[in-house]
Amino acid sequence: MQALEKIYLNTDWITIVLVLLFVVLFVLKGLDALKLKGYALAFFNKGFIEDEVEENTTFFKAFHILIFTFSITVLSLVCYYFLIHFSEIKIEGLYLFGAIFLVLFFYFLIKWGLEYLLSLLFLIRKEVRFLLVSKSSYLYNISFYLFISLVLLQYTKLNITFLIGFTTLLFLMRFSFHVTNNKNLIFSKLFYFILYICAFEIAPLFVLFKLMF
């Protein structure tokens, strides 16, 4: 009988990343525990998002920079698992994760920056402020749940199918809450909203998908 080689992937770096994410959560709690709780429950607390809109805080604060980095790191890990599972990519480990992180980091940074600049350019910042804040808040919200799912995937018997299903469910919930809480703006400007979805959501994701696969 011919012996089959069993390949073990070194995932020690994933443990280090998860520990660092735990540290970031503790720092965020120290900076503003109430705001952290608000983002963690943003799906079910529309009033928190309204408070964020009224507060009109800048992105360039330690709390927002950290929670943005936390969310991008979590999404990068999720994408890493998806790439390893679905594609025939031969690059694995920390190098691939780092590449995914940089792509997602600049993708969201540029996209959100363009959205903000366009809202200023067309003098519609007040009208779309809640739309933009709720979108980022819901992304931060699902990153907390995805972080928990990544820990379970790494240290329990759950497999990638669980992560795929759970991630799909969370993004569907994000879309549903986003549309529901912005329905007046969306349906009054439905044509422009469809253009926005195509230009800022679907097209960039399609480009990313083609680049990764």
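Here are a few friendly notes on the predicted model shown above.

1. **Ground rules.** Residues are numbered from 1 along each chain as its sequence is written. As this is a predicted model, local features need pLDDT of at least 70 and side-chain atom pairs count only at pLDDT 80 or more, while totals for chains, interfaces and linings use all residues; side-chain values use heavy atoms, with hydrogens and water left out.

2. **Overall make-up.** You will find 8 helices and 0 strands in the chain, so reading from the N terminus gives α-α-α-α-α-α-α-α (helices are DSSP runs of H or I with at least four residues, strands are runs of E with at least two, numbered from the N terminus).

3. Of the 213 residues in the chain, 40% are buried (under 20% relative accessible area, with a 1.4 Å probe and protein chains only). The accessible surface is about 13,100 Å², and carbon and sulfur atoms hold 71% of that surface (Shrake-Rupley method, 1.4 Å probe).

4. **Contacts along the sequence.** Among contacts (heavy atoms within 4.5 Å) with a separation of 6 or more, 78% join residues 24 or more positions apart.

5. **The salt bridge.** The structure has 1 salt bridge, meaning a side-chain nitrogen of Lys or Arg within 4 Å of a carboxyl oxygen of Asp or Glu. Its partners are E52 and K35, at 2.7 Å from N to O. The pair links distant parts of the chain, 17 residues apart: E52 sits in helix α2 (residues 46–55) and K35 in helix α1 (residues 12–40).

Key. Buried < 20%, exposed > 50% of the residue type's maximum accessible area, 1.4 Å probe, protein only.
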